[in-house]
Amino acid sequence: MFSLTVAAIVFGVIFVAELPDKTALASLMLGTRFRASHVFCGIAAAFAVHVVIAIAAGSLLTLLPHRWVQGVVGLLFLAGAAMILWHKDEDDDESVNAPREQGFWRVAGSGFMLILVAEFGDLTQIMTANLAARYGSPLSVGVGAVLALWAVAGIGIVGGRALMRRVPLPLITKVAAAVMVVMAGFSLYEAIAG
């Protein structure tokens, strides 16, 4: 049975937990480079998969090898930073203020894979599993969690588009790459030390 109260509680908890996470950064970065609707579709699909996994697996997700997950996440962030830094557009001047036009499947697929791997075993996925076990209402928890994750992704994408209107794209690119390298360092440190 669906409970609006449970869904609202889960939305609040997951939204607050995910807002400062790497998802907002990934959404912002992808939103500055590609069509927002394509990016959102890929990210939204990945989050839906994560919530289904969290609810289906429940607390078993905490048994996954955390080191492997963090190692893959770290390598993906490094690869993303390298792709951003070394990618040159055909017209690489600062007058380019629109996201690059790429095919839907390529952009959505990139967003999907980035979020699918980066968020696997993440705090919010584990929290979703725990909330599903606590409330015993998988549908309510799933709806609340998915809407919260989608809201954070949307804020990141819109924020990236707004930022691009005020700050030159080359500067955004360098800052995004630097932050991704830092996130990669943290993830790889957790993989090695953990």
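Of the 194 residues in the protein chain, buried residues make up 44%. The model described here is predicted. The protein chain contains eight helices and zero strands, and along the sequence its pattern reads α-α-α-α-α-α-α-α. Among the contacts in the chain with a separation of 6 or more, 93% join residues 24 or more positions apart.

## Two helix pairs

Two packed helices are described by the angle between their axes and the distance between the axes. The table sets out these values for two pairs.

| Helix pair | Crossing angle | Axis distance |
|---|---|---|
| H1 (residues 4-18) and H6 | about 160 degrees | 10 Å |
| H2 (residues 22-33) and H5 (residues 104-118) | roughly 165 degrees | within 11 Å |

## Helix H1 against helix H6

The angle of about 160 degrees between H1 and H6 makes H1 roughly antiparallel to H6. The crossing of these two helices is right-handed. On the H1 side, the contact is formed by Val 6, Ile 9, Val 10, Val 13, Ile 14, Ala 17 and Glu 18, which meet Thr 124, Met 127, Thr 128, Leu 131 and Tyr 135 of H6. By class, the residues of this contact comprise nine nonpolar, two polar and one charged.

Helix H6 has 13 residues and spans 18 Å from its first C-alpha to its last, close to the 18 Å expected at 1.5 Å a residue. Its buried residues are Thr 124, Gln 125, Met 127, Thr 128, Ala 129, Leu 131 and Ala 132. Just after H6, Gly 136 adopts a positive phi of about 60 degrees.

Thr 124 counts as buried because its relative accessibility is 4%, under the 20% cut-off. When neighbours within four places in sequence are left aside, Thr 124 is in contact with Ile 14, Ala 17, Glu 18, Glu 119 and Leu 149. Of these partners, Ile 14, Ala 17 and Glu 18 also take part in the contact of H1 with H6.

Asn 130 likewise lies in helix H6. With a relative accessible area of 38%, Asn 130 is partly exposed. Asn 130 and Ala 54 are separated by 76 residues in sequence, while their C-alpha atoms are 8.5 Å apart in space.

## Helix H2 against helix H5

The axes of H2 and H5 come within 11 Å and cross at roughly 165 degrees; the two helices are therefore roughly antiparallel to each other. Their crossing is right-handed. Lys 22, Thr 23, Ala 26, Met 29 and Leu 30 are the H2 residues in this contact, and they meet Gly 111, Leu 114, Ile 115 and Ala 118 in H5. These residues divide into six nonpolar, two polar and one charged.

Helix H2 is made up of 12 residues, and the distance from its first C-alpha to its last is 17 Å, close to the 16 Å expected at 1.5 Å a residue. The helix is mostly covered, with 11 of its 12 residues buried. The buried residues are Lys 22, Thr 23, Ala 24, Leu 25, Ala 26, Ser 27, Met 29, Leu 30, Gly 31, Thr 32 and Arg 33. Among them, Lys 22, Thr 23, Ala 26, Met 29 and Leu 30 belong to the contact with H5.

Conventions:
Residues numbered from 1 in each chain as written. Predicted model: local features only at pLDDT ≥ 70, side-chain atom pairs only at ≥ 80, totals over all residues. Heavy atoms only, no water. Axes fitted to C-alpha atoms, helices over the stretch in contact; angles between N-to-C directions. Helix = DSSP H or I, 4+ residues; strand = E, 2+ residues; numbered from the N terminus. Parallel < 35°, antiparallel > 145°, perpendicular 65-115°, else oblique. Left-handed = near helix turned anticlockwise from the far one by under 90°. Contact = heavy atoms within 4.5 Å. Nonpolar A, V, L, I, M, F, W, Y, C, P; charged D, E, K, R; others polar. Expected span 1.5 Å × (residues − 1). Buried < 20%, exposed > 50% of the residue type's maximum accessible area, 1.4 Å probe, protein only.
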